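Subject: Structure handover, with notes on chain B

Hello,

Here is the structure for your files. My notes follow below it.

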Amino acid sequence: MQIYLPIADMPVNIFLVLGMGLAVGYISGMFGIGGGFLMTPLLIFIGVSPAVSVASVASHIAASSFTGAISYWNRRALDLALALMLLAGGIIGTATGVWLFTLLRALDQLDLVIGLSYVTLLTVVGALMTYESVRAVLRARHGLPATIRRPGSHTWLHGLPLKVRFKRSKIYVSAIPVWTIGFIIGFVGAIMGIGGGFLLVPMLIYFLRVPTVTVIGTSMVLTLITMASATVMHAATNHLVDAVLALILMIGGVVGAQFGARTGQKMRGEWLRLLLGLLVFAVGLRFAYELMVQPDDLYSIRYVRAE
Amino acid sequence: MMRAIAFMLFLAMLACGGGPAAAERLVVSLSKQQVAISSNFVGDELVLFGTIEPDDRAAAARSAYDLVITVTGPRQTLRTRRKQRVVGIWVNVDSREFVRVPSYLAILSSRPVAEIAQPDILRQLQIGLGNFLLPQRIGSDIADTVNDDPFRRAFVHLQIQHGLYRESGSAVIFLTPAVFRAAIPLPADVPLGNYAIDVKLFADGKLAARTNSTLEVTKAGFEQYVADAARDHGLVYGLATMLMALLTGWIASVVFKRD
């Protein structure tokens with residue numbers, strides 16, 4: 001069944017898009033991430049323009065992270081104070097990202113920047129996650145505790161001023177790295193159409209020593225707020241949010257996420273991280289391939305303006 | 001049936017009157033003048049019917065007619081970009097702007113255009129994709145290039161691939177020597193706006209008569225409502241989409257609530 005998308009200006013198969021929403025939702029529920037890094041490329045693949053994809057996926061991620069955030073809130077596994085502190089940086093990051101997005105679109109280099117950001121970010125993060133989780137799996141196999149780092153260990157980040165205490169997460173850190181992380185996530189999210197959950201979770205664990213209990217819930221709240229504001233900002237500045245597309249994705253996404261979460265809870269943490277690491281890495285390689293292999297057609301047409 | 005339609009068209013022509021003061025008169029009618037894009041739109045095909053009415057005896061004696069129908073969509077400025085390998089990756093390095101070119105262009109004829117008239121006539125009347133003016137911005141100038149300019153060739157090729165440009169030498173079919181029909185295919189991602197349809201009648205390699213018609217492609221109903229809202233009230237539209245996301249998320253958490 002075909003449905004015509006009013007902003008993307010093209011018909012899509014409603015079941016295909018719904019299926020994509022379900023599949024990505026399943027993965028997002030399983031790993032506790034938004035899944036934008038999978039959804040945006042999939043949409044581009046079926047012919048939606050990169051700009052519309054990035055802008056519409058933002059609202060899809062907002063929906064699935066809201067579902068996640070509610071369940072973490074009910075389980076009190078969510079540090080609202082930390083999320084709001086990250087958000088302070090996140091809002092500025094998102095605004096900067098949307099501004100750069102508009103600029104790059106005008107300069108005709110948006111596709112390249114999106115492509116390059118995907119390659120670098122996904123391959124690096126994917127490789128690091130795979131490496132870390134393989135070590136954890138091996139350690140677990142030898143009967144050692146899976147985590148190497150002790151929660152109490154301090155880095156130079158803990159020496160920075162403006163210290164704040166986050167009670168729910170039981171950490172006492174400077175606000176500066178918290179703002180910085182928030183900024184990076186907001187910025188990257190707005191440009192790449194990703195929530196940045198797969199980036200934020202490791203950052204919170206390794207840089208801020210946020211305990212695993214609160215990390216995913218906190219990440220979901222931040223993702224929710226940055227993606228909700230990215231939706232509004234993209235709609236207000238670029239007019240590219242396709243609400244019909246977003247709605248189909250959301251419905252598939254929230255349903256898939258429920259089933260994914262059940263699968264995820266049955267798996268061990270390090271195996272889950274290994275799978276996610278491999279997935280992220282593979283998507284990164286796919287983008288690298290696209291940039292490095294000679295395209296079928298060297299020419300492409302870009303719409304400039306109506307006359 | 002076809003004859004009946006032709007006869008009705010003929011009557012319509014008489015009713016309208018006018019037309020060019022030539023040896024032949026052309027009357028055309030479109031199956032619909034407005035294409036509305038609603039949520040189930042997957043492309044469309046319009047049919048153009050026409051009759052040729054000879055006005056004098058000299059024309060009546062002629063029987064070998066050729067028709068060329070040029071359908072042009074709303075004008076757009078488009079940029080054709082060329083990729084090149086730069087330090088291992090493929091990057092858009094060069095681009096050419098095509099200024100005010102048709103977003104949709106169909107050149108439909110009863111025979112391949114090269115057989116219809118002499119090359120200079122074809123060029124003058126812009127018949128055939130190779131003869132159609134596609135001005136490019138080159139430096140500070142705006143001009144059409146030679147036919148085999150790589151950017152022009154790539155542009156036309158890509159537009160044909162997307163179903164937006166086409167040239168067909170068999171799309172106009174004569175039902176009787178004086179009645180013809182032509183199918184005008186519109187792809188699913190057809191550009192919105194006003195279309196001009198220019199019908200030219202050739203007799204013995206010369207332009208004998210010419211007429212035109214118009215067509216409008218618009219979004220309708222819900223599609224139009226959403227598109228207008230997104231364009232004119234971006235902020236409100238964004239807030240509404242965000243609320244929709246929150247509502248969907250909330251409903252899901254209620255429906256799938258586990259204890």
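Predicted model: local features only at pLDDT ≥ 70, side-chain atom pairs only at ≥ 80, totals over all residues.

Residues are numbered from 1 along each chain as its sequence is written, and chains are lettered from A and ligands numbered from 1 in the order in which they are written.

Five residues from domain 1 of chain B and five residues from domain 2 of chain B make up the contact between them (C-beta atoms, placed from the backbone, within 7 Å). Of contacts in chain B with a separation of 6 or more, 66% are between residues 24 or more positions apart.

Chain B has seven helices and 14 strands (DSSP runs numbered from the N terminus: H or I of at least four residues for helices, E of at least two for strands).

Four of the strands in chain B form an open antiparallel sheet, ordered β1-β3-β12-β11; strands pair if DSSP finds at least two bridges between them. At the edges are β1 (24–30) and β11 (172–176) of chain B, each pairing on one side only. Strand β11(B) is joined by four bridges to β12 (residues 179–186) of chain B, and the two run antiparallel. Phe174(B) has Phe180(B) of β12(B) opposite.

Regards

Conventions:
Contact = placed C-beta atoms within 7 Å.
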